[in-house]
Structure formats: structure tokens, C-alpha cells
Amino acid sequence: MRRENINDLLAFVAVARERSFTKAAAKLGVSQSALSQTIRSLEARLHVRLLTRTTRSVSPTAAGERLLQNVGHRLDEIQSELESLSELSDKPTGTIRITTAEHAANNVLLPVLAKFLPQYPDIRVEIAIDYGLIDIVAQRYDAGVRSGEQVAKDMIAVRIGPDLRWAVVGTPSYFANRSIPKKPQDLTEHNCINLRLPTYGGLYAWEFEKGGRELRVRVDGQLTFNGTTQRLNAALTGLGLAYVPEDLVRPHVAAGRLKRVLEEWCPTYPGYHLYYPSRRQSSPAFTLLVEALRYRG
């Protein structure tokens with residue numbers, strides 16, 4: 001049997017990973033009809049069905065799963081090697097994919113990228129906002145950004161930001177007819193704005209510490225978000241108490257728009273780190289970005 005066109009295999013891997021012709025076509029920059037025809041042609045040449053299609057989903061067959069497992073990572077290695085050839089070029093090139101939380105993206109990554117990207121017009125950075133502790137290798141990210149204590153031990157970690165501290169805040173109007181919480185347990189009597197974490201499928205328990213004593217409080221309230229900005233905005237409108245990064249609320253507290261409580265119970269955590277697999281062969285573009293992000297404070 002003749003050698004298969006590598007583009008056909010790339011097309012199959014994209015569809016199998018995305019579980020969607022629509023998403024895969026957008027990622028590859030082709031039409032859905034063209035992509036569907038490519039898969040049909042590949043299946044016809046191999047004389048085996050690779051994908052099971054329904055009106056709502058696409059999934060690999062047993063043969064498709066075998067092909068994906070045996071070929072997918074090899075295609076990734078080929079792509080990585082091709083991108084590494086950029087070191088022979090005068091201009092660093094390539095796309096760097098990073099998964100991170102919203103606060104780190106806005107307050108750490110974007111300020112650096114604002115200075116970095118204009119210097120290297122052939123480098124592209126794709127940032128995905130995700131609060132889950134995903135497998136960056138399996139999801140084909142070049143790196144992830146999380147606070148220091150969340151980085152797996154088998155990863156290379158580079159500190160990119162100062163220590164983090166959180167703050168419990170509410171508006172003066174919210175506290176007008178409510179008592180001020182004196183200890184974390186008092187939060188159970190307040191309308192708190194929750195954060196849902198996809199990794200655990202549940203609500204984040206607010207973490208506190210004082211004098212070596214650690215507490216995790218399961219709070220309750222009318223609002224739940226999966227993002228930081230929304231929780232802060234909800235607190236600013238008087239809808240409840242929010243537990244958000246200190247640097248975000250500092251100007252609002254100074255202006256009197258928010259009142260901070262339980263400050264002595266809010267611990268400091270290791271700052272954000274960029275992490276990536278130890279076996280990753282870094283491209284010149286990736287190395288440049290890591291050095292630009294490295295925290296030197």
C-alpha cells in the first residue's frame with residue numbers, strides 16, 4: 001500500500017482530538033466539507049472506519065483510537081522538530097500555547113506580552129483561560145501558569161510573579177445591615193460569592209491561616225462564577241462577599257468602594273510560575289518568552 005499523505009493523518013488526528021469536525025476545521029483552517037472528504041478518502045484507502053459520526057458527536061473507533069495513540073504523538077514530535085529549526089533563522093518564529101487562570105493572564109502575562117510581542121512579530125502566543133489543573137502534555141500546551149504550590153514536581157517551573165495574597169471584601173452598603181465577620185467561621189452567616197473549580201467539579205473552599213492554624217471554609221451564597229473578574233464585579237455591586245486576589249481590590253479599598261475583612265486570616269502563597277515538561281525541547285521562541293516572563297523582583 002502506498003504511503004499515506006501526512007496531511008490526511010494530520011486531519012484525522014485533529015478531528016479525533018477535538019471530537020468535532022467544526023472545531024478541527026477551524027483549527028486547520030479548512031472547510032468542514034473538505035475535511036470530511038479528506039477523512040472519507042483516508043478511510044477508503046485504509047479499508048477501515050476510523051471515526052464514528054452521529055448528529056451530535058464524533059469519536060474514534062477502535063481502529064481510530066489505535067491510529068491516534070500510535071501516530072498522534074509522532075506527528076507532534078515532527079511538528080516540534082520543524083519548529084525547532086527556527087533557531088537557524090534570524091527571526092524566532094512559532095506559536096506558543098499557554099493555559100492559565102484569568103488573574104495570571106491579565107496581571108502577569110499581558111503586561112509582559114505588551115512589550116515582548118512587538119519585538120518578535122513572528123512569534124504567536126495563544127492563551128487559554130482554564131481553572132482546571134489539566135494535563136498540559138495531553139492537551140498539547142507548551143506551558144501552563146499556576147501558583148507555586150500547584151505545580152507538579154516533574155515539571156520545570158519558572159517563577160514569573162510576586163507572592164500572592166487574597167482578600168475578603170464587600171461594599172459598605174453590604175455591611176450596613178450585617179455584622180462584620182471576626183473569624184472565618186462567621187462567613188457561613190454571609191452571602192458569599194462562590195468560585196466553581198472544574199477540576200474537582202465542586203466549589204472552592206476559602207482557605208485561611210493564622211498563627212499556624214489553617215482553616216478551609218465552605219461558604220454559601222446566591223452567586224457562583226468560574227472567573228475572577230465576575231466575582232469582583234459582583235462584590236462591587238453589593239451582591240455579597242468575594243475572596244479575590246489582593247492586588248485587584250487594593251484600589252477599590254483605598255477609594256472606599258470596598259471594605260476588607262479578615263485581613264489577619266489571609267495568608268500569602270507562592271507567586272505564579274510558568275511550568276512545562278522537563279523533556280520538552282525548547283524552541284528559541286519559547287526560550288525568549290520564558291526569559292521575558294522570569295520574575296526578578
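**A sheet, a strand and some salt bridges**

Author: Let's start with an open sheet of three strands, which come in the order S9-S8-S12 with mixed pairing. Strand S9 (202–203) and strand S12 (224–225) are at the edges with a single partner strand each, so each has one side left without a neighbour in the sheet. Before going on: this is a predicted model, in which local features need pLDDT of at least 70 and side-chain atom pairs count only at pLDDT 80 or more, while totals for chains, interfaces and linings use all residues. Residues are numbered from 1 along each chain as its sequence is written, and side-chain values use heavy atoms, with hydrogens and water left out.

Back to the strands, which are DSSP runs of E with at least two residues; helices are runs of H or I with at least four, and both kinds are numbered from the N terminus. Two strands count as paired if DSSP finds at least two bridges between them. Strand S8 (residues 194–197) is joined to S9 by two bridges, and the two run antiparallel. Look across from Arg196 and you find Leu203 in S9. In general, strands of a sheet pair through backbone hydrogen bonds, either parallel or antiparallel.

Now for another strand, S14 (residues 259–261), where you'll find Arg260. Arg260 counts as buried because its relative accessibility is 18% (buried is under 20% relative accessible area, exposed is over 50%, and partly exposed is in between, with a 1.4 Å probe and protein chains only). What does its side chain reach? The side chain of Arg260 makes a polar contact with that of Glu246 at 2.7 Å, and reaches the backbone oxygen of Trp166 at 3.1 Å. (A polar contact is a pair of N or O atoms within 3.5 Å; within protein, one must be able to donate a hydrogen and the other to accept it, and residues adjacent in sequence count only if both atoms are side-chain atoms.) If you leave aside neighbours within four places in sequence, the residues in contact with Arg260 (heavy atoms within 4.5 Å) include Arg165, Ala167, Val253 and Cys266.

That brings us to salt bridges, each a side-chain nitrogen of Lys or Arg within 4 Å of a carboxyl oxygen of Asp or Glu. By this rule there are 14 salt bridges. One of them joins the side chains of Arg159 and Asp163, at 2.4 Å from N to O. Arg159 is partly exposed because its relative accessibility is 27%, and Asp163 is partly exposed at 47%.

Glu207 forms another with Arg216, with the closest N and O atoms 3.1 Å apart. Here Glu207 is partly exposed at 24% relative accessibility, whereas Arg216 is exposed, with a relative accessible area of 54%.

Then there's Arg296 with Glu291, whose closest N and O atoms are 3.3 Å apart. Arg296 is exposed, its relative accessible area being 58%, while Glu291 is partly exposed at 35% relative accessibility. Arg260 turns up again too: salt bridges that share partners tie Arg165, Glu246, Arg250, Arg260 and Glu263 into one network.
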